Amino acid sequence: MLTIFTTPKAFRGHFAIIQENAIASWCKLRPKCQIVLIGNEYKTAQIAEKYGISHMTAVKTNKFGTPLLPDIFKNAYKVANFNKFAYVNCDVILMSDFTDSIKQIKLHRFFLTGRRWNLDVKSKLEFKNGWQGKLKSRVSKEGRLDRYGANDYFVFTPKIDFEMPDFAVGRTAWDNWLVYKARYLKIPVIDATDVIWALHQKHDYSHAGGYQQVWHGPESQRNQELAKDRRKFFNVKDANYILTKNGLKKPKVTFPSLVRKIETAPVLSPKITPFIYPIIFSIKMFKFIRDKQKLFCEKNKIVKDENSTSQ
């Protein structure tokens, strides 16, 4: 049904626990999926052998030794048994709703993603009968749905040449750029947050020198340079469809969504750029004036309420 591919970090310490949890959950998916580990980090080969899954050792890296995403995708395409692909970060637990949701989609081409749930997981999980219900109950109590730009899985069909720059995996910008690129290629983008519980197991950033290094270091800066334009940082709010239990539906048209469409129009359709900027400016001015009027009205209401109380 599906080829899942990923690039693990070294299987050491806490990362060994959460990555094996994720891979073990993928092996439980039905219909059975092809799973491909790409890279040669510590103990990756042993984990691939343990779970009977594919392993490709060769992958291009930058000068810091971080795998480059174009080569990750290229390698996955070479060995894929299926024409549906899922890049999933190797710390994300998936459940049956993942494959069930994908089966609902009848579009010939699509690009599906969604927000993740964050959960503290410190120990190895047991994937026995009823594990999904217990885990979802735990997430409901302890977990938190992350921000709109926190997308850790991307499902798409068929093999798509995203013409991706040499983004370093795990160093910001590339995931949001990928959503933009799907929209630019006119591939329907689907937000599956409502139906897929993608459980991101929280971790530190010791594998890459700490939080500051990952989010603001030279690799992160390089990724943002390669993206070129912050208007290309798309997320699920830019989806063409929302996936629900009853199938696909169009997002509601709101004032913020309309503003967003106009703001991103120049990067999605560069030819209309000269015509769109006056509209963007007009809408921003309208929004500025509306917000000022709203603030003025609220202040007047407070003053009237205080005067009424004093009388």
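Of the 311 residues in this protein, 48% count as buried, which here means under 20% relative accessible area, with exposed set at over 50% and partly exposed in between (1.4 Å probe, protein chains only). What you're looking at is a predicted model, where local features need pLDDT of at least 70, side-chain atom pairs count only at pLDDT 80 or more, and totals for chains, interfaces and linings use all residues. Numbering starts from 1 along each chain as its sequence is written, and side-chain values use heavy atoms, leaving out hydrogens and water.

**Overall layout**

The protein has ten helices and 13 strands; these are DSSP runs numbered from the N terminus, helices being H or I with at least four residues and strands being E with at least two. Along its principal axes, the C-alpha trace spans about 75 × 50 × 45 Å. Take the contacts with a separation of 6 or more: 78% of them come from residues 24 or more positions apart, a contact being heavy atoms within 4.5 Å.

**Around β1**

Strand β1 (residues 3-6) is covered on both faces. Thr3 and Phe5 are buried on one side, and Ile4 and Thr6 are buried on the other. Two strands pair if DSSP finds at least two bridges between them. By that rule β1 pairs in the parallel sense with strand β2 (residues 34-38), over four bridges, and Thr6 stands opposite Leu37 in β2. β1 also pairs in the parallel sense with strand β4 (residues 85-88), this time over three bridges, and there Phe5 has Tyr87 as its bridge partner.

**The four-stranded open sheet**

Another piece to look at is an open sheet of four strands in the order β5-β11-β7-β8, with mixed pairing. Its edge strands are β5 (92-93) and β8 (144-145), each of which pairs on one side only. β5 runs antiparallel to strand β11 (residues 199-201), and two bridges join them; Val92 stands opposite His200 in β11. Helix α5 (residues 131-142) lies across β5, β7 (117-119), β8 and β11, at about 90° to β7. That angle runs from 0 to 180 degrees between N-to-C directions, using axes fitted to C-alpha atoms, for helices over the stretch in contact.

**Rings**

A search of the whole structure turns up 22 aromatic pairs. Rings of Phe, Tyr and Trp (its six-membered ring) pair if their centres lie within 6.5 Å; planes under 30 degrees apart are stacked, over 60 edge-to-face, and the rest tilted. Here are two of the pairs:

| Pair | Centre distance | Plane angle | Type |
|---|---|---|---|
| Tyr77 and Phe156 | 6.4 Å | 75° | edge-to-face |
| Tyr205 and Trp215 | 6.5 Å | 80° | edge-to-face |

Tyr77 sits in helix α3 (residues 69-79) and Phe156 in strand β9 (residues 153-157), 79 residues apart. Tyr77 counts as buried because its relative accessibility is 15%, and Phe156 is buried at 0%. Tyr205, by contrast, is partly exposed at 21%, as is Trp215 at 27%.

**Charges over rings**

A charge sits over a ring if NZ of Lys or CZ of Arg is within 6 Å of the ring centre and within 35 degrees of the ring normal. Lys237 has its charged end over the ring of Tyr148, 4.4 Å from the centre, while Arg260 lies over the face of Phe234 at 5.0 Å from the ring centre.
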